[in-house]
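Please consult the structure while reading.

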Amino acid sequence: MGYSDKINALIHPLMIRVVRNAYIRKMDRRAKKFPDLFKPVDEDLRSKHLALWSKLKLPCSDKWLRFFTNLTGIADYRYVPEDLYFSSVERILNDMNRSGNECEDKNLIGLYVGNDVAPRTFVRYVRGAFFDGDGNGITEKCASDILATDNGELIGKACVATCGGHDVDGYSYNAQKHSYFSKNGNELNVNFIKKASHSFVVQERIQQCDFEAQFNPASTNTFRIATLRRPWDGKVIVLKTGMRMGVNDAVVDNLSSGGICVAIDKQGEIDNHAYAWLDFKEFDEHPTSHIKFGGMKFPYYDKAVAKITELACRNPNMNIMTWDIVIDRHENVRILEINASSISFDWMQFNFGSFFGDDTEAVVDW
């Protein structure tokens, strides 16, 4: 064992404890604010839950079981506790030394999915240098000229270490000023980009299909598909699919920014109820468009699953990934981002039970 390995061996148990405690505190805050969601559940259900997750040889709580059972009414002992997922499961399934980089870097996504699937890119900024959409180095003057040209609606976003859509904004072209501005008045220029992040990208705002737009046309309403490459047999499967939707005039659909979410089953059927992540309010219709969710079907489900399953095979370092996609107005699958670390998966247990479903026990055993 090398010197660095010895240091890692000493630090690793501490990091596990730090991560676990962070998520335990998160659930404690929820329990204080929403006590009805943490009422006791059936003792046999609780016993099976604790027996399953205690196999990881880490302290196990029933907080997540109580929360999801009371929220959804679905009694599933296999619900995944976040403290164990992020401190152990994810760190074993995926190579966390690559966390936030490679396929997760929004400036590199085209290398993994193809430029025809990724959004069209106009300007990239990486570690002090500007590049065009093809990755060729350009001067600041050239970048400024691109941003002074009307290329339709644009999205600007930080590319690494982002969270909850807070570093994403939409920009519209002002013909009189020959520049792009966000709704809150930020001008999209080279100085703004350099201050925003050490890695930033300016891309087209993909025009979503009518099916997505009907819920809330102000926001790009994305589908998230979670895939697992089962390490015991190499097969790639879809774990869960869900849709996130913005509310009112929000540009983004992220749940921590006020969006709502609804699950989609393996036949493409949309669940009867959507949820808000911030206060766990339940909706049977979209609060802005008032479109009811019950009886609706995602018409591009099979097409999206086929494409994502194909792409999930290309990254051997990550067994579990989530893919945020849009179906564009030409009915093509377009991928906005890939997540392979610290993935927001709790809302994918708001409908249809455990995140890993029928593969839960096999994951734990592996």
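Q: Is Cys-261 buried or exposed?
A: The model is predicted, so local features need pLDDT of at least 70 and side-chain atom pairs count only at pLDDT 80 or more, while totals for chains, interfaces and linings use all residues. Residues are numbered from 1 along each chain as its sequence is written, and side-chain values use heavy atoms, with hydrogens and water left out. Buried means under 20% relative accessible area, exposed over 50%, and partly exposed in between (1.4 Å probe, protein chains only). With a relative accessible area of 0%, Cys-261 is buried.

Q: How many disulfides does the structure hold?
A: A disulfide is a covalent bond between the sulfur atoms of two cysteines. Here the term is applied to a pair of cysteine sulfur atoms within 2.5 Å. The number of disulfides in the structure is 0.

Q: Which cysteine sulfur is nearest to that of Cys-142?
A: Cys-142 is partly exposed, its relative accessible area being 31%. Cys-142 takes part in no disulfide, and at a distance of 18 Å the nearest cysteine sulfur is that of Cys-159.

Q: How many salt bridges does a search of the whole structure find?
A: A salt bridge is counted where a side-chain nitrogen of Lys or Arg is within 4 Å of a carboxyl oxygen of Asp or Glu. One network of salt bridges links Lys-26, Arg-30, Glu-82 and Asp-346. For the whole structure, the search gives a total of 25.

Q: Which residue meets Asp-83 in a salt bridge, N to O at 3.5 Å?
A: Asp-83 is buried, at a relative accessible area of 2%. Its partner by salt bridge (3.5 Å, N to O) is Arg-20. The pair links distant parts of the chain, 63 residues apart: Asp-83 belongs to helix 4 (residues 82–93), and helix 1 (residues 3–33) holds Arg-20. Helices here are DSSP runs of H or I with at least four residues, numbered from the N terminus.

Q: Which helix holds Lys-194, the residue linked with Glu-140?
A: Glu-140 and Lys-194 meet through their side chains in a salt bridge (3.0 Å, N to O). Glu-140 is in helix 6 (residues 140–147), and Lys-194, 54 residues apart from it, is in helix 7 (residues 190–196).

How values were computed:
Helices (H or I, at least four residues) and strands (E, at least two) are DSSP runs, numbered from the N terminus.
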